[in-house]
Amino acid sequence: MDADANELPQDAQPEAPPDLPKSQVEFFLRAAEKVRTQFPNTPGVYLFQDKLGRVIYIGKAKNLRARAGSYFLKAAAEDSRTAQLVLEAYDIDFMETESEVDALLKEARLVKDIQPKFNRDLRDDKTFPYLQITTHEDFPRVEITRTPQSSGVKLYGPFANVSSLRGALQVLQRVFKFRTCPLDIEENDDRWRWFRPCLLASIRQCTAPCNLRISKEEYRKDINRLRKFLDGGRKPLLAEMRAEMQEAAAARRFEQAAKLRDEIQMLESLEDRGDLEKNEQPEVFYLDPKKGLAGLQKVLKLDFQPRTIEGCDIAHLGGTETVASLVQFIDGLPFKPGYRRFRIREVQGIDDYASMHEVVARRFRRLEREGEVFPDILLIDGGKGQLGKALTAFETLGIKPPLVLSLAKKEELIYVMGRDEPLRLSRHAFALRLLQYVRDEAHRFAQHYHHLLRRKRTLGDS
């Protein structure tokens, strides 16, 4: 459905199809004018919404005005791929990005979170790849992975195109001669002196630390040069390769020149990557949910292993509008259909305690009214004060609460209902890491759509 090849021609004029229902004609013309006058000619994502403000389709574009405008032609309403979308859409909005790569990554993130009905792709758990360099080994390895480690590594990415990344890695290995194997090599283990290196050592693409042919210090110098290149210091190498390519072309060694040209393009493609924080993929950094749940059962002294956890967070948009998010985890993993967003209605100004009281009351009043099962654990973002306000909401409703916890930032203390002193767990404890995942996901979900939330268009009325 989303193809920039179908962008709006410059001389095309919006035209409502003759058989379009009258209720949709007004939207069609109003939205077309909105795209023409408000959408920029820059990369970004566009979002179609229905009458209830629900996002029903998300697409990316290298030119927002041209791409979004292509839906307001007669052909879009007649095309089987877009006809039903045109019938159900009521409004359109956009989020601008800095580059086409950012647009691609943001589209994927939004589709995974919102699960719009007309998006068939990107709804699964497939993630974008990273380039990972280990930092804790005597001889660091370099690899491409979709499941990066959360510590002991230097990460670059996520990358938009894994094929280009693989090609660039091969070029980098010829230059910096690092290893990509999974071996656990220690410098002081003499057994490695009798190990037979792989073919990469024979063709001089690896310095063979597996045979101790290079010292730890010299190998790390190569890795540091690689990291300097990846961190932005690539101009000298690219300039050298371009000069070599021009020299080969001048000498009519066209095959060598073409090979160098392709290698330069592969290295330049390393720029087509997202920012680790801005293009966060939180699901790829959490490990072993079963251990997290078992850890919670142990540290909280529960008679059963919890299965369902809900997390709440409060966010302020532009210092004026207050919103709340609720995320749901089942068996230690995010359950996106259970996510909810709330616009705070009853609190004037910025008051996190009162806002938390409101959102907890609204959530559990509805669950009680509809006979729904409560979560095993409700996690509140904050300290003892936020926990107290959440418990007050249950008292006001006369409802028995589930196990309510709050997780304070910085010190990462866990406050538990009915206990005076907070729990302090190891930073590496699986139980704490699971709670941090839930807390951080609630925060990300509240903040991720700040542009749209400010316009009051994707807020649910849960």
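Me: What are the ground rules for the model and the numbering?
Reply: The model is predicted; local features need pLDDT of at least 70, side-chain atom pairs count only at pLDDT 80 or more, and totals for chains, interfaces and linings use all residues. Residues are numbered from 1 along each chain as its sequence is written, and side-chain values use heavy atoms, with hydrogens and water left out.

Me: At what angle do the axes of H9 and H10 cross?
Reply: Roughly 160 degrees, and the axes come within 8 Å. H9 is residues 235-250 and H10 is residues 254-268. Axes are lines fitted to C-alpha atoms, for helices over the stretch in contact, with angles from 0 to 180 degrees between N-to-C directions. Helices are DSSP runs of H or I, at least four residues; strands are E runs, at least two; both are numbered from the N terminus.

Me: Roughly parallel or antiparallel, then?
Reply: H9 and H10 are therefore roughly antiparallel to each other (over 145 degrees; under 35 is roughly parallel, 65 to 115 roughly perpendicular, the rest oblique).

Me: New topic. Which peptide bond is cis?
Reply: The one from Gly157 to Pro158, with omega near 10 degrees. Pro158 sits in the loop between strand S6 (153-156) and helix H6 (162-176).

Me: What is phi at Ala208?
Reply: Positive, about 55 degrees, although Ala208 is not a glycine. Most residues other than glycine have a negative phi.

Me: Is Ala208 buried or exposed?
Reply: Buried, at 1% relative accessible area (buried is under 20%, exposed over 50%, partly exposed in between; 1.4 Å probe, protein chains only).

Me: And where is Glu412?
Reply: In the loop between strand S12 (403-407) and strand S13 (414-416).
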